[in-house]
Amino acid sequence: MFTKKVSSRRSNMLYEDKIYGEVEIDEPVILEIINSPDFQRLKGVDQAGYFKPHIKRNKVTRFEHSVGVYILLKKFGAPLEEQIAGLIHDISHSAFSHCIDYVLDEGSEKDHDHQDNIFEDFIKNKTQIPSILNKHGFDVDYIIDDKNFPLKERDLPDLCADRIDYSLRDGRASELIDDDSIKLFLDKLKTEDGKWYFDDFETAKKFAKYFMDMNDKYWTGIHTAVMFRCGGDFLKHGLSKRYITIEDLYKTDNYVLDKLRFYTSKDDELKRLFDRADFKINITNSPSGYDAKLLVKSRAVNPLFREDKEFLRVSDLDKEWVEILKRESNPKEWFLKFDD
């Protein structure tokens with residue numbers, strides 16, 4: 001939620017964030033990006049991609065997460081350029097987020113990287129971001145190059161601002177983490193030389209285990225698998241029948257759903273696929289006899305912590321974590337049986 005204030009020098013905003021609390025935003029380039037229609041669209045894109053939540057979960061949007069990454073980077077003293085990069089990092093997400101990886105032929109089920117693959121082209125050719133950055137004296141090519149911003153983005157199993165924010169935000173929304181634990185993690189979190197680390201092993205291990213729980217129960221669970229496979233099939237059928245267009249997918253969840261719902265009374269197959277995605281039928285995991293199979297991206301982290309001025313990882317003291325990392329880093333395979 002924004003509360004706008006106007007001073008004699010320039011506008012600013014007070015933003016109430018569910019993770020970081022009240023934050024004042026006063027950088028003109030940040031304010032202009034947030035107020036742009038391209039960024040406002042993210043208010044209508046669900047973070048996880050749900051047609052409607054079927055696990056205990058409050059709604060989280062790509063807008064909230066993107067502002068959250070910006071706030072986290074600002075809170076830990078990242079340069080303004082890195083804050084901008086964090087703010088716009090999800091602007092190329094389609095409606096229903098990673099469902100797109102189960103719709104388009106070039107989508108990757110195991111990597112969930114469609115939005116990354118189109119990011120540069122989308123930013124440069126389909127948004128106002130380049131003109132906003134140029135107006136404020138920033139180089140768009142520098143801003144969109146992740147190599148320049150190690151706090152914002154790092155490969156797994158490292159921590160980065162994107163990974164920290166979505167894990168805390170999704171956990172709070174699904175009530176798998178409380179505010180006291182969030183505060184503990186943020187209080188113990190530090191940065192140095194482009195790296196995120198915790199003050200001590202105990203907190204680093206606690207965060208790693210929490211992240212694993214989120215991965216098992218939420219990001220790779222059966223409800224997510226059903227949503228990806230069945231939601232993807234629903235959208236794919238709509239595209240094949242030209243009920244929706246590729247361009248429609250880069251609008252909002254509700255825009256696409258409203259267009260497709262119109263045809264569910266006229267197309268039995270579309271209705272059947274929608275009922276699956278909407279959990280109106282029983283769906284089980286059945287490796288011995290299934291109707292559809294899929295891979296779901298799996299994640300695990302191996303956080304750094306500091307001990308006696310030396311940086312170590314959780315796996316340096318907990319040897320079991322080496323095997324856990326191997327297991328949890330492999331995509332999870334599901335075999336879905338539909339009772340329809």
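## A buried phenylalanine to start

F96 counts as buried because its relative accessibility is 0%; buried means under 20% relative accessible area, exposed over 50%, and partly exposed in between, with a 1.4 Å probe and protein chains only. F96 sits in the loop between helix 4 (80–88) and helix 5 (114–126), and its phi is positive, near 60 degrees, in a residue other than glycine. Helices (H or I, at least four residues) and strands (E, at least two) are DSSP runs, numbered from the N terminus.

## About the model

This is a predicted model, where local features need pLDDT of at least 70 and side-chain atom pairs count only at pLDDT 80 or more, while totals for chains, interfaces and linings use all residues. Residues are numbered from 1 along each chain as its sequence is written, and side-chain values use heavy atoms, leaving out hydrogens and water.

## The overall picture

Let's step back to the whole protein. It has 15 helices and ten strands, and its C-alpha atoms fill a box of roughly 60 × 55 × 30 Å along the principal axes.

Of the 340 residues, 55% are buried. Among contacts (heavy atoms within 4.5 Å) with a separation of 6 or more, 69% join residues 24 or more positions apart.

K309 counts as exposed because its relative accessibility is 79%.

In the loop between helix 7 (140–143) and helix 8 (161–173) you will find P157. A cis peptide bond, with omega about 10 degrees, joins L156 to P157. Most residues other than glycine have a negative phi, and most peptide bonds are trans.

## A closer look at helix 13

Helix 13 covers residues 268–277, and its buried residues are L270, L273, F274, D275, R276 and A277. These buried residues pack against helix 11 (222–240), helix 12 (253–264), strand 6 (283–285) and strand 10 (332–338).

At the start of helix 13, a side-chain oxygen of D267 comes to within 3.0 Å of the backbone nitrogen of E269. After the helix comes F279, with a positive phi near 60 degrees.

Conventions:
Polar contact = N/O pair within 3.5 Å; in protein donor to acceptor, adjacent residues only side chain to side chain.
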